[in-house]
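Hello,

I am handing over the structure below, and my notes follow it. Please read them with the model open.

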Amino acid sequence: MAEIFSVTVSEIVKQLGLELLYAPDNIDELIVTDNDCNRPGLQLMGFYEYFNAERIQICGNMEFAYLASIDEEVRRQRLDALFATKIPMFIVARSHELYPEMIDIASKYGVPIARTSDSTTAFIAALIGYLNVELAPRITRHGVLIEVYGEGILIVGESGVGKSETAIELVKRGHRLVADDAVEIRKTSSRTLVGQSPDNIRHFLELRGIGIINTRRLFGMGAVKISEKIDLIVQLEPWDSKKIYDRMGVDNEYTSILGIKIPSLTIPIKPGRNLAVILEVAAMNNRHKKMGYNAAAELLQNLGLEMDTKESVKNWDVF
């Protein structure tokens with residue numbers, strides 16, 4: 001069974017800058033587990049089929065216009081029925097004033113009420129974006145994540161192969177470190193993986209022979225980043241003279257993480273190879289490919305040859 005992640009109501013209030021109008025005593029224990037939300041117009045009219053009570057409820061102009069059109073007793077009954085489902089949170093958009101009975105009903109069922117000045121549509125977009133990250137399926141993998149020319153590169157390989165040394169050279173060249181040693185990877189959409197560092201080791205980097213350094217304090221805020229989309233995975237491995245490495249870039253390698261295929265490269269290491277420069281070129285070339293240009297394909301076309309592309313996928317979900 002897939003692990004279910006959650007975020008507390010108090011954290012949502014803090015991160016989205018909401019005005020808390022009513023908070024039950026146990027607000028720090030209340031959690032949200034659904035990454036969607038609901039505008040309860042139908043529920044305020046008494047229709048509850050397919051209603052998901054685990055979602056945050058948001059009321060804007062339309063809902064308040066309807067509540068204003070019905071008499072006070074009916075309004076109280078409809079609101080009581082909605083709050084009785086034990087919704088995790090009730091949010092009022094566009095700074096609408098609450099009806100007096102709302103606080104009474106919220107305290108009866110222990111449902112927090114918050115308010116935002118944002119339009120309903122804009123706030124829903126911000127809320128869903130936040131919940132998609134906080135509640136996303138996730139795994140942690142050993143490696144280094146660094147942003148190079150706007151591309152998130154996940155560097156992997158055996159311990160001691162030179163991942164951290166490559167990362168620090170890239171930082172010196174103006175790129176930004178996201179995570180070292182442990183990378184927490186979240187599936188924020190059906191096509192996007194976002195990586196970040198666990199809080200307790202964020203900005204720290206280990207260099208053999210030197211020890212632990214704090215990248216942010218040593219190189220400044222411009223040298224680090226909290227999170228980054230993963231665009232490319234680079235596997236570093238010692239040079240094997242018996243192994244045939246791709247010299248054209250014709251074949252497509254991918255690594256599957258949480259069901260999403262990410263372009264991958266295997267780069268052999270030997271004395272004299274400048275890995276920082278190689279990864280900079282890999283980042284720019286990956287951007288080229290995403291924009292529809294493939295240098296290997298153009299070269300083969302110039303030579304009058306056809307491009308025979310093979311695809312291989314490594315599944316990281318079973319590690």
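**What was found**

Ile257 is buried, with a relative accessible area of 0%. Here buried means under 20% relative accessible area, exposed means over 50%, and partly exposed is in between (1.4 Å probe, protein chains only). Ile257 belongs to strand 16, residues 252-257. Helices (H or I, at least four residues) and strands (E, at least two) are DSSP runs, numbered from the N terminus. Arg138 is 119 residues from Ile257 in sequence, and their C-alpha atoms are 9.4 Å apart in space.

This is a predicted model, in which local features need pLDDT of at least 70 and side-chain atom pairs count only at pLDDT 80 or more, while totals for chains, interfaces and linings use all residues. Residues are numbered from 1 along each chain as its sequence is written, and side-chain values use heavy atoms, with hydrogens and water left out.

**The whole chain**

The protein has 10 helices and 18 strands. Its radius of gyration is 26 Å, well over the 20 Å that the globule rule gives for 319 residues, so the protein is more spread out than a compact globule. That radius is taken over C-alpha atoms, and the rule is 2.2 Å times the number of residues to the power 0.38. Along the principal axes, the C-alpha atoms fill a box of roughly 80 × 50 × 35 Å.

Of the 319 residues, 44% count as buried. Among contacts with a separation of 6 or more, 70% are between residues 24 or more positions apart; contact means heavy atoms within 4.5 Å. The protein exposes about 17,000 Å², and carbon and sulfur atoms supply 50% of that area. Accessible areas come from the Shrake-Rupley method with a 1.4 Å probe, and for residues only the protein chains shown count as cover.

Strand 8 (residues 138-148) runs antiparallel to strand 9, joined to it by 5 bridges. Two strands pair if DSSP finds at least two bridges between them. In this pair, Leu145 stands opposite Leu154. Strands 8 and 9 form a hairpin with 2 residues between them. Tyr149 lies in the loop between these strands and has a positive phi near 55 degrees, although Tyr149 is a residue other than glycine. Tyr149 is partly exposed, with a relative accessible area of 35%.

Strand 9 also pairs with strand 15 (residues 232-238), in the parallel sense over 5 bridges. The bridge partner of Gly157 in strand 15 is Leu236.

**The hairpin of strands 12 and 13**

Strand 12 (residues 204-207) and strand 13 (residues 211-214) pair in the antiparallel sense over 4 bridges. They form a hairpin with 3 residues between them, and Gly209 in the turn has a positive phi of about 95 degrees. Glu206 has Ile212 of strand 13 as its bridge partner.

Is Ile212 buried or exposed? Ile212 is exposed, with a relative accessible area of 58%. Not counting residues up to four places away in sequence, Ile212 touches Phe204, Leu205 and Glu206. Ile212 and Glu63 are 149 residues apart in sequence and 55 Å apart in space, C-alpha to C-alpha.

An open sheet of 5 strands has the order 2-7-6-5-4, with mixed pairing. Strand 2 (19-22) and strand 4 (37-38) stand at the edges, each with a single partner strand, so one side of each is left without a neighbour in the sheet. Strand 2 pairs with strand 7 (residues 113-115) in the antiparallel sense over 3 bridges, and Leu20 stands opposite Ala114 in strand 7.

Helix 7 (residues 163-172) is mostly covered, with 7 of its 10 residues buried. Among the buried residues are Ala167, Ile168 and Leu170. Gly174, which has a positive phi near 100 degrees, follows this helix.

Ser95 is found in the loop between strand 6 (90-92) and helix 5 (100-109). Ser95 has a positive phi of about 55 degrees although it is not a glycine. Ser95 is partly exposed, with a relative accessible area of 36%.

Regards
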